[in-house]
Every structure is written in structure tokens, then in C-alpha cells.
Amino acid sequence: MTSHLKPFAFPKRLPAAPPVGAAQASSRSDIIPLSYGTPSSDAFPYAELQAASAAAILHEGRDALQYAGAGGPGRVQQWIAERAALRSIQAAPQQILVTYGSQQAIDYAARALLEPGDHVWVEAPTYFGAVSTFRAAEAVITSFPIDAQGIQVERVEAALVEASRQGTPLPKLLYCMPNFHNPGGISLSPERRERLAQLAYEYNFFILEDDAYAELVYEGQHLPAIYSFGPERVVYLSSFSKIIAPGIRLGWAIGSAEVIRNMNSFFQGSKASVFSQEIVAQLFEHLSFPEHLQRLIERYKSSRNVMVDALREQFGNEVQFQVPAGGFFIWLAFPEDVRTSEFVQDAAGRGVSFLPGSQFFVEPEGGHYARLSFSYCNEEDIRLGIARFAEAYRSYKNRTV
Ligand SMILES: Cc1ncc(COP(=O)(O)O)c(C=O)c1O
């Protein structure tokens, strides 16, 4: 008998998009994964996490295992508020929501703020995890280019003026990565941050400010968050994934008490893992966060320098890139006629993976870009990986001329 039950009856909410990013990256052990936007496993505070996990059980005992947890969630929230203050964010406890990674915070913000058919404006290029979430929310997505100072706010403004004039839809949400953009590596200038927040008030939309790499600053200072210019109009997100470990699965959102209350309602009365929060709280008792962060910064900065030197040595002026002042990514611009997707397989055959630029755009564009990550591999592998990547490129070039 044929079944009339359709197993997945949400074609729009579960778009049949091919996997992108790390989900698509090969796990073959002979491939150097410059495609992974993943922290180095060696950078986890491993011994301290072992001690913190034991302490969470020993000190907080059975309470730490209850739905509400024990002291951990409160202490984690306090830590978040203290770090947010470094970015000129003032957040009361009712304005902070701890989530299962910042990916869940993007999802809950989308659920709280978007109706199907609402318009979401994103950067070009942008983070594909967020794009999938907006697609699942059945949003209409439009993108705006970035340059060395981040999203081109004057283009956003021109589009807002035009939409108002024509009576076409204005955005409900603008999604933006202000620091060490994934994949662009650039940061949004303070002037553009302020202007973007002003536009959000003028045109009545929300900004989703995704600051996953906020702490990993290799040069320069913390800049004020967009949130600091528009606390009623911005939902700020960040995460423990890059500074402790992604397996902890904890991130957070900061917003107006009203937005946070609405996002919180999707937890249906529960919380993001209270046991993980208990462990993080214990970790911060025994680990000096500033010292830990300094070690991470030294490590990733050194890896970045190795990759930058290797790229210059292998490619000379053949590729253009900005040296990122933080985060995990180098965004390479090849000559316009190059299609990086056309040598991704050959590169894998030579033992290196990277992500073709077109995966980071909502429109069919960006074919001559590539994203490399220097976070996961050790320095020797980075040098070898870049040499293999350059071989694949040269072979592609020789084939097509
Ligand atoms: C820009 C950006 N936002 C969000 C995330 C999701 O991070 P989390 O592990 O906190 O869910 C990532 C992960 O790579 C990211 O690059």
C-alpha cells in the first residue's frame, strides 16, 4: 500500500540547497583543510575544561543537572555583560539570552522578527549559515556589496530611499558582520556603524549584528558595536565557539528586553544547556580569560602571518587580499575571469581544500573569489596547503589560456 505521508512537508522551510562550507568540505585525512572555518583543536583549554567539567558536577552537583541549572547561567550572563561593555554595550540581565551557539540565536531572531515574505538585506558576500536560516524563514533576501570598510552603507541608504519612493518593500532585518567578516575578513568602519544604526531608526528595521569573531583582534582596538548606536534596533550576537570550543554549543543574543523575551519564548520554558553553562562558569573561575585570550591571539596571528607570507610567495600580485586584522579568514580576489570552483576538485586531488567564493553570495556572482581559513591547520600544513593550492591554480590557468 502506498503511503500518503510526506516525510518532509516543508519544501520552503527546508530548501533543497546543496551543503556549503565546512559541511561540504572533505574529511579525507590526506587533505589539508583550508576550507574549515573551525578553531584549532589544539587551542581549546582542554585540561582546564576537564577540571571545569568535574567541578561543575562536584560543586553544583545535582542542581547543575536540573532544567534551570544552578549558579552557572547567572555567572555566564554576568561575564557576557562585562565583555559586551568593552564594545560600548550596556546590557541588563533581561536583555541577554544564552543560546545553543550563535547559529540558534540567528534562528530565534529570524523567528521572532520575520514573517514569511519579509525582506532581509545581507552583505555580499555573507555567511551561508545565516542565509540558510533566512531562507528557512521564507524571507526574500537582497544583498549589498562590501568593500574594505564593510557593507557599503551609502548603497543601502540609496536602496532605502528608492524603496520608500517607489513604495516597494523595505527590509525588516539587515544582517551584518561588523568585525572580521566571514568570509571577507574586513571590519565595518565606526562611521558606517553609526549611520547604519541611524538608518534602522529612520526606516524602521532591525539589524542583526553577528560578532562571532569579536575577541580575536590581532591589530587595533575593539570598536563600538553597531548596537551601541541603536540599542532598540539592533540584536547583537556572539559565541563561545571561537574562544572556548564549538562543542560547548553556547552563544548569546543581546537586544531590547522585548526582543529577547520574544526570542526566549522559543525555548518553551527551558534554557540553552545549563550544564554547559555550569562548565563555562567553572572554567572562568580557574582560567584567566585575558591570558587564555592572549594565547589564542598569538597563535592565530602567527598562523595568519604564515598564510599571508605563503600567499605572497606563491602568488605575487596574481591575487589581491586585505590582511585581516582579526578572525579566521583570508578572502582572495583572483583576476575577474578566473572561476575558483573550476579548480576546487583538482586542488582536492593535490591534497588541499578551500571554498570557492560563489558559495558566499545570494546572487550568481563572486566566482573569482576564494575563502581560505588559517585557524584550523598548523603552520607547516598552512605552507604546504598554500603551495598545493597555488599548483592547482597554475594548472587551471595553463589549461584555460
Ligand atoms: C559569522 C558566523 N556566525 C555564526 C557562526 C555560528 O557559530 P556558533 O558555533 O556560535 O553557532 C559562525 C560559525 O562559523 C560564523 O562564522
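**Exercise 1. Find which residues lie nearest the centre of the second largest pocket, and say where its lining comes from.**

Step 1: Start at the middle. The second largest pocket has 21 lining residues, and P125, I146, D147, W331 and Y369 are the ones nearest its centre. On a 1 Å grid over the protein atoms alone, a pocket is an open set of points with protein on both sides within 12 Å along at least five of seven lines, while a cavity is a set where a 1.4 Å probe fits but cannot get out; lining residues have an atom within 4 Å of a point.

A word on the model before going on. This is a predicted model, where local features need pLDDT of at least 70 and side-chain atom pairs count only at pLDDT 80 or more, though totals for chains, interfaces and linings use all residues. Residues are numbered from 1 along each chain as its sequence is written, and side-chain values use heavy atoms, with hydrogens and water left out.

Step 2: Look at the strands. Both β4 (140–147) and β10 (329–333) give at least two residues to this lining, and β4 has the largest share with 5 residues. Strands here are DSSP runs of E with at least two residues, helices are runs of H or I with at least four, and both are numbered from the N terminus.

Step 3: Sort by class. The lining of the second largest pocket splits into 13 nonpolar, 6 polar and 2 charged residues. Nonpolar covers Ala, Val, Leu, Ile, Met, Phe, Trp, Tyr, Cys and Pro; charged covers Asp, Glu, Lys and Arg; the others, Gly among them, are polar.

**Exercise 2. Work out whether K242 is buried or exposed, and what it touches.**

Step 1: K242 sits in the loop between β8 (234–239) and β9 (251–254).

Step 2: Check its accessible area. K242 counts as buried because its relative accessible area is 15%; buried means under 20%, exposed over 50%, and partly exposed in between (1.4 Å probe, protein chains only).

Step 3: List partners. Beyond neighbours within four places in sequence, K242 contacts G37, P39, A212, Y213, L216, L296 and F328, a contact being heavy atoms within 4.5 Å.

Step 4: Turn to the ligand. An N or O atom in the K242 side chain is 2.8 Å from a ligand oxygen. For S241, the side-chain N or O atom is 2.6 Å from a ligand oxygen, and a polar side-chain atom of D210 is 2.6 Å from a ligand nitrogen.

**Exercise 3. Describe the largest cavity: what is its volume, and which residues are closest to its centre?**

Step 1: Take the volume, about 110 Å³ for the largest cavity.

Step 2: Name the lining. It has 16 residues, with R87, A214, E215, S238 and W252 closest to the centre.

Step 3: Trace the elements. α2 (72–85) and β8 each supply at least two lining residues of the largest cavity, and the largest share, 4 residues, comes from α2.

Definitions and conventions:
Polar contact = N/O pair within 3.5 Å; in protein donor to acceptor, adjacent residues only side chain to side chain. Points joined across faces, edges and corners; volume = space filled by probe spheres on them.
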